[in-house]
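Reader: Hi! I'm new to this one, could you walk me through it?

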Amino acid sequence: MIDPAHTQAGHQVRTDWGPTGAAAIADGADVAVVVDVLSFTTTVTVAVERDIAVHPFGWHDQRAEAYAEELDATLAVGRFEALERPGSVSLSPASLTGVAGVDRLVLPSPNGSTISAALAASGATVVAACLRNAPAVAGWLRPRLDAGAVVAVVPAGERWADGTLRPAAEDLWGAGAVLAGLEERGFSPESRLARAAYRAVAGDLTGELTACAGAQELIGKGFAADVAVAAGHGGSRVVPVLVRGAFVAG
């Protein structure tokens with residue numbers, strides 16, 4: 001059971017972490033913004049920039065293979081698997097920058113995909129945001145907020161080995177980057193915190209992103225290019241919106 005105080009119901013703009021936080025603040029929300037900078041929502045944004053419809057999926061196993069076959073879509077593979085299969089598509093956003101001939105992509109992700117599906121089930125319109133498209137998402141949100149929409153912003157975070165939530169600095173900054181583009185109206189304290197966190201690093205966003213734990217993990221595994229793509233604040237005008245199970249340009 002969720003304590004009513006944790007729903008942030010008295011605020012027009014709400015922010016909380018991960019699947020459980022998403023469930024807490026989604027009640028009554030008209031729009032839900034999912035932020036998973038390294039790398040789900042960055043990958044979604046890059047794909048939609050290239051006119052690829054992205055079908056999020058929560059598991060990377062035979063179920064994902066069957067789902068992709070049902071949709072006649074390309075199944076994204078894991079980063080390391082992609083190294084062994086040149087030309088394949090993976091969760092790596094850098095891998096998508098040169099992809100051609102893909103119209104539909106099934107993108108397994110235990111964090112971003114799972115949260116997106118849960119939020120869609122709540123009835124909210126789900127949007128994928130990252131540092132690349134944060135200004136565009138803020139611009140898309142502004143008229144909706146003016147019309148009275150309630151917005152839930154969900155930094156996805158990561159998982160520790162024991163399955164518990166690991167709040168990720170990059171996702172807090174991504175959420176804050178969206179919020180920084182909005183007029184403060186009905187912000188919850190949690191939303192103001194995310195905005196303040198982004199503003200604290202905005203002067204050296206690339207440097208701070210590169211230095212954070214999530215980016216250092218990717219760099220250490222040979223995926224520095226993904227960090228560089230994710231750091232491109234404002235480089236995309238695309239607003240991916242989940243429509244009938246796929247993220248497309250909104």
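This is a predicted model: local features need pLDDT of at least 70, side-chain atom pairs count only at pLDDT 80 or more; totals for chains, interfaces and linings use all residues.

Reader: Great. At what angle do helix 8 and helix 9 cross?

Author: Their axes cross at roughly 100 degrees and come within 7 Å. Helix 8 covers residues 169-179 and helix 9 covers residues 189-201. An angle from 65 to 115 degrees counts as roughly perpendicular, so that is how helix 8 and helix 9 sit relative to each other.

Reader: Which residues in helix 8 and helix 9 meet?

Author: From helix 8 there are Leu-172, Trp-173, Ala-175, Gly-176, Ala-177 and Leu-179. On the helix 9 side they meet Ser-191, Ala-194, Arg-195, Ala-197, Tyr-198 and Val-201. By class, this contact has nine nonpolar residues, two polar ones and one charged one.

Reader: Thanks! Now the core: which residues of the largest nonpolar core touch the most other members?

Author: Those are Val-33, Val-127, Val-137, Leu-141 and Leu-209, in a core of 40 residues. Take Leu-141: leaving out residues up to four places away in sequence, Leu-141 touches Val-31, Val-33, Val-151, Val-178 and Leu-182. Another core, of 34 residues, lies apart from the largest one, and its members include Val-54, Leu-105, Leu-107 and Leu-119.

Reader: Let's switch to helix 2. How many of its residues are buried?

Author: Nine of the ten, so to speak a mostly covered helix, running over residues 40-49. The buried residues are Phe-40, Thr-41, Thr-42, Thr-43, Val-44, Thr-45, Val-46, Ala-47 and Val-48. Just after helix 2, Asp-51 has a positive phi of about 60 degrees.

Reader: And helix 11, which of its residues are buried?

Author: In helix 11 (residues 213-220), Gly-214, Ala-215 and Leu-218 are buried. Around the axis they cover an arc of only 95 degrees, which puts them on the same side of helix 11. Ala-213 and Gly-220, on the other side of helix 11, are exposed.

Reader: What comes just after helix 11?

Author: There you find Gly-222, with a positive phi of about 95 degrees. Phe-223 is in the loop between helix 11 and helix 12.

Reader: Is Phe-223 buried or exposed?

Author: Phe-223 is buried, at a relative accessible area of 10%. Its C-alpha atom is 9.9 Å from that of Phe-80, although Phe-223 and Phe-80 are 143 residues apart along the chain.

Reader: I also spotted His-233. Where is that?

Author: His-233 is in the loop between helix 12 (224-230) and strand 10 (240-243). With a relative accessibility of 33%, His-233 counts as partly exposed. Not counting residues up to four places away in sequence, His-233 touches Leu-131, Arg-132, Ala-134, Pro-135, Ala-177, Tyr-198 and Leu-205. Asn-133 is 100 residues away along the chain, yet the C-alpha atoms of His-233 and Asn-133 are separated by 6.8 Å.

How values were computed: Residues are numbered from 1 along each chain as its sequence is written. Side-chain values use heavy atoms; hydrogens and water are left out. Axes are lines fitted to C-alpha atoms, for helices over the stretch in contact, and angles run from 0 to 180 degrees between N-to-C directions. Helices (H or I, at least four residues) and strands (E, at least two) are DSSP runs, numbered from the N terminus. Angles under 35 degrees count as roughly parallel, over 145 as roughly antiparallel, 65 to 115 as roughly perpendicular and the rest as oblique. Contact means heavy atoms within 4.5 Å. Ala, Val, Leu, Ile, Met, Phe, Trp, Tyr, Cys and Pro count as nonpolar, Asp, Glu, Lys and Arg as charged, and the others, Gly among them, as polar. A nonpolar core is a set of buried Ala, Val, Leu, Ile, Met, Phe, Trp, Tyr and Cys residues joined through side-chain atoms within 4.5 Å. Buried means under 20% relative accessible area, exposed over 50%, partly exposed in between (1.4 Å probe, protein chains only). The arc is that of the directions from the helix axis to the C-beta atoms.
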